[in-house]
Structure formats: structure tokens, C-alpha cells
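The sequence and the structure come first.

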Amino acid sequence: MDSPVLAGYYSRVDSTNLHQEAAVFMPTFDLGGEINGWSVQAIEGTQLNTNGYLYTHSIATDINRHLIVVGSSKRGNYDGQLADADVTSQSGSLNNRLWVANASQLPITASYLSEGIFFDGAGGKIHAINDFNEIVGNIDFNDKPEINGTERLKRGFIYPHDATGIIGARSDIFKNQAWWLDDLTNDGTLAGHHNKFRIIDANDINNAGIIAATA
């Protein structure tokens, strides 16, 4: 995609509220081929449930040249279609659910991450995706209840999303699965140099696969 495409959120208005919902902004063009505006494309599956706010808000945090967009949806604590106010929690957490979507196909529809380290009820943040569809962020390291409890530990992760057709794709290095970065840098020795740190967040990744992280 040679034209700029933006990822973020927009405010959908109903009779009384503004709802922050994830969106992609596609350029529109005048007869001379110059950008003259932006078309807002909502992302299906990330909208707030207006009958009860299943999500309190959602946001798209990054998009790459293949128009793969990433983001998250924050669970609320009430769903008007359910009798129990805690039913919407997963594993005792009002988690920040992570998703991936393809903005080259309309309607844009979120696919929530749900395998491996993305266990049921896991919450975290997606910060970035590079042009090899390698996604980084942080995710819960344990599944202890946060409601009436304490905040879960977080760890930085990398997830190689579907890289079919991408020249030089490296997903086979990661066995096509997500990893906590600690598992990739661990030197196997309890007193080893690498085990002096825990990578709690992965903030960005470039096309060379170099990750900016916090430990």
C-alpha cells in the first residue's frame, strides 16, 4: 500500500454518549489524485455493546504495509444481557483483549488472540507490528484473579502472525507460535546473565527484527 493508512480510534456518538472504538482511516482522493480526506472504517468485533458495554473502549495501535492492523478491546464490568455483573470477567480479570485484523478486506473484522500464551482471560497490550507480521507487546504471565485481588505479572511477547506470501518471512524461526521473550533469551542457567532480568514489555520492533523492550 503506497498511500498512508492510519490506525487509531474514533468516537461514535449515540443519543447521550461518545463511544471510543477502534478504527482504520483510509485516504480519499480528489480528481488529481491528491488526498482530500479520510474514510473511517470501524473494526467489527471491537465495538462497544450499547445494551451493556461489554467493552468500555477499543483502539487500533498499529498497522503495517500489508494492512494488518493490531489493537485491543477493554472489557467492562457490566453486560446488560447478563444477570451477573461479574460474568463478563474472564478468569477473574476484566482483561484487555488483544486482536489482529486485515484492513484490506471489508468489513474489517477483529480476530482475538486465544492460543498458547494468550490463555483464556489473558490481558495485555499490543504495541507494534512490522512488515513481516511480527507483533510485540505484553501479556499476563499468570492467571490469578485480579478482581478483589492484585494485578497480574506481565511479560513481553512476540507473535509471528500469518506471514504467507511475505518474502523473507521468519515465522518458522518461532515455530509459528507466540513466545514470551524471556523464553527466547533465557540461557538455561539459573544464575546466568540473562536470568538477571525479566522482560516485562516489548515496545516496538523494526523490519530487521530488533525489539525495543523494558526489562
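## Strands and loops in a predicted model

Strand E9 (residues 134-140) is mostly covered, with seven of its seven residues buried. The model is predicted.

E9 has pairing partners on record here. Strand E8 (residues 124-129) pairs with E9 in the antiparallel sense, over five bridges. Within that pairing, Lys125 has Asn138 in E9 as its bridge partner. Strand E10 (residues 154-160) also pairs with E9, again antiparallel, over seven bridges. There, Ile135 stands opposite Tyr159 in E10.

How many residues lie between E8 and E9 in their hairpin? Four residues separate them, and Asn133 in the turn has a positive phi of about 60°.

**The open sheet**

A sheet of four strands runs in the order E4-E5-E6-E7. The sheet is open, and its pairing is antiparallel. Strand E4 (55-63) and strand E7 (111-112) are the edge strands, each pairing on one side only. E7 pairs with strand E6 (residues 96-102) in the antiparallel sense, over two bridges. Val100 stands opposite Ser111 in E7. In general, strands of a sheet pair through backbone hydrogen bonds, either parallel or antiparallel.

The loop between E6 and E7 holds Pro107. A cis peptide bond joins Leu106 to Pro107, with omega at about -5°.

Which residues does Asn64 contact, leaving aside its neighbours within four places in sequence? They are Ile129, Asn130, Asp131 and Asn133. Asn64 itself lies in the loop between E4 and strand E5 (68-75). The side chain of Asn64 makes a polar contact with the side chain of Asn133 at 2.8 Å. The Asn64 side chain also reaches the backbone oxygen of Asn130, at 2.9 Å. Asn133 is the turn residue with positive phi in the E8 and E9 hairpin.

Is Asn64 buried or exposed? Asn64 counts as buried because its relative accessible area is 6%, under the 20% cut-off.

Most residues other than glycine have a negative phi, and most peptide bonds are trans. Leu67 sits in the loop between E4 and E5. Asn176 sits in the loop between E10 and strand E11 (179-180).

Their cover is given in the table, together with two other residues.

| Residue | Relative accessible area | Class |
|---|---|---|
| Asn64 | 6% | buried |
| Leu67 | 10% | buried |
| Ile35 | 38% | partly exposed |
| Asn176 | 53% | exposed |

Why does Asn176 count as exposed? Its relative accessibility is 53%, and exposed means over 50%. Leu67 is buried because its relative accessible area, 10%, is under 20%.

**A nonpolar surface patch**

Leu6, Phe29, Ile35 and Trp38 form a nonpolar patch on the surface. Together they have about 360 Å² of accessible area. Where is Ile35 placed? Ile35 is in strand E3 (residues 35-42). Ile35 is partly exposed, since its relative accessibility is 38%, and that class lies between 20% and 50%.

Terms used. Residues are numbered from 1 along each chain as its sequence is written. This is a predicted model: local features need pLDDT of at least 70, side-chain atom pairs count only at pLDDT 80 or more; totals for chains, interfaces and linings use all residues. Side-chain values use heavy atoms; hydrogens and water are left out. Two strands pair if DSSP finds at least two bridges between them. Buried means under 20% relative accessible area, exposed over 50%, partly exposed in between (1.4 Å probe, protein chains only). Patches are made of residues with over 30% relative accessible area and no salt bridge: like charges are joined within 9 Å, nonpolar side chains (Val, Leu, Ile, Met, Phe, Trp, Tyr) within 5 Å. Accessible areas come from the Shrake-Rupley method with a 1.4 Å probe; for residues, only the protein chains shown count as cover. A salt bridge is a side-chain nitrogen of Lys or Arg within 4 Å of a carboxyl oxygen of Asp or Glu. A polar contact is a pair of N or O atoms within 3.5 Å; within protein, one must be able to donate a hydrogen and the other to accept it, and residues adjacent in sequence count only if both atoms are side-chain atoms. Contact means heavy atoms within 4.5 Å.
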